[in-house]
Amino acid sequence: MSVILLATEKPFAADAVNKIRNVVAESTHTLQLLESYTDKQQLLDAVAQADALIVRSDKVDADVIAAGKKLQIIVRAGAGYDNIDVAAATEKNVCVMNTPGQNANAVAELVFGFMIYQSRKQFSGSSGTELRGKKLGVVGFGNIGKLVAQIGKAMGMEVCAYDKFIEAHVMQEKGIKPLATIEDVFEECHYISLHIPAVSDTKGSVDFHLLKTMRKNAMLINTARQEVVNEDDIARIMEERSDISFVSDFMPKSDKLLDESMRKRWFAPVKKMGAQTEEANVNAGIAAAKQIIRFFDSGDRTFQLN
Ligand code: 3PG
């Protein structure tokens, strides 16, 4: 019998927690909860008793992994695992998994919520613009990118995509125009939606060089990771060009962007909310619990990342 710790600084919806509890209750394992914790020490104390750990964007660094003396598996209930020190886990022979695709729809829907909100002048009552007939560029054609492309088509947009790891025919089969470079996306599209992970190649990659090529009245949408966009460069291009707008799932850190004069041309929620739906929480939470149970009961390592 193993102890599964669900540690979430930003808690799952109550329904998701109940469903995770039920899944674990039907197994031979037990669930422990550490929700809405405010101090790293609380996580360090709780993980000491755990054989398995489920987290969201919670930081699982080398200290946490070292404190988890019995830990055999960490599952990031979500897609991006840049919050987990995978190298430290590998060193301690701890398996790391994510739950790809489980919260993708929540993020994809939010992209359109953001696009409409900003295109309609933040619901101020001023005359805005529509999405139909506009060109949407999807950067990163993974689970979320594919859904964004599909919804964009349903809204009558002309959809293009760029992903250096995906062959052109995969996009063409879905009626999406493949673009050869990220520069092409920035030059051609009215709406540019980012769906790339934060890795060394992508961090800061959306910089002034790319931004200055944006077509007239273009909007950048970032629901991926804050670090992939150089926010000072966004502020700089928005100072130089009054036609550019920016919506992000991350409250900007750049003082220039936060200046009141810029406020009508960008939007971000107070807290990252891409995957913050009941459905996404249920899907990702249950997937994480089931992956752990299968790992202990049958040695299944599907979705292992290390
Ligand atoms: C993910 O990578 O799955 C999303 O960014 C969701 O993150 P969250 O669980 O912190 O909401």
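This is a short tour of a predicted model, stop by stop.

**Stop 1: the sheet**

Show the strands as a cartoon. Seven strands make an open sheet, in the order β8-β7-β6-β9-β10-β11-β12. Their pairing is parallel. Now select 177–178 and 266–267, which are β8 and β12. These two stand at the edges, and each has a single partner strand, so one side of each lacks a neighbour in the sheet.

Next, select residues 219–222 and 245–248. These are β10 and β11, paired in the parallel sense over four bridges. Show the side chains of L220 and F246: L220 stands opposite F246, which belongs to β11.

**Stop 2: a helix across the sheet**

Select 143–154. This is helix α6, and it lies across β6, β7 and β9. Compare its direction with that of β6 (135–139): α6 runs at about 170° to that strand.

**Stop 3: K135**

Stay on β6 and select K135, which has its place in this strand. Is K135 buried or exposed? K135 is buried, because its relative accessible area is 13%, and the cut-off for buried is under 20%. Which side chain makes a polar contact with the K135 side chain? It is that of E188, at 2.9 Å. Leaving out residues up to four places away in sequence, K135 touches E158, C160, K177, E188, C189, H190, Y191 and R215.

**Stop 4: the nonpolar cores**

Select F186, I192, L194, L220 and M238. These have the most contacts inside the largest nonpolar core, which has 32 residues. Colour the elements that give two or more residues to this core: β7 (158–162), α8 (182–188), β9 (191–194), α9 (208–211) and α10 (231–240). The largest share, four residues, comes from α10.

Zoom in on M238. Apart from residues up to four places away in sequence, M238 touches I244, F246, L257, M262, R265 and W266.

Then select L131, Y191, V247 and F267. They are among the members of a second, separate core of 25 residues. As background, nonpolar side chains tend to be buried together in soluble globular proteins.

**Stop 5: the ligand**

Select the ligand and show what surrounds it: K10, R56, S57, R76, G78, A79, G80, N103, R225, K272 and A275.

- S57: a polar side-chain atom lies 2.4 Å from a ligand oxygen.
- G80: a backbone N or O atom lies 2.8 Å from a ligand oxygen.
- R225: a side-chain N or O atom lies 2.8 Å from a ligand oxygen.

Conventions: Residues are numbered from 1 along each chain as its sequence is written. This is a predicted model: local features need pLDDT of at least 70, side-chain atom pairs count only at pLDDT 80 or more; totals for chains, interfaces and linings use all residues. Side-chain values use heavy atoms; hydrogens and water are left out. A nonpolar core is a set of buried Ala, Val, Leu, Ile, Met, Phe, Trp, Tyr and Cys residues joined through side-chain atoms within 4.5 Å. Buried means under 20% relative accessible area, exposed over 50%, partly exposed in between (1.4 Å probe, protein chains only). Contact means heavy atoms within 4.5 Å. Two strands pair if DSSP finds at least two bridges between them. Axes are lines fitted to C-alpha atoms, for helices over the stretch in contact, and angles run from 0 to 180 degrees between N-to-C directions. A residue is near a molecule or strand if one of its heavy atoms lies within 4 Å of it. A polar contact is a pair of N or O atoms within 3.5 Å; within protein, one must be able to donate a hydrogen and the other to accept it, and residues adjacent in sequence count only if both atoms are side-chain atoms.
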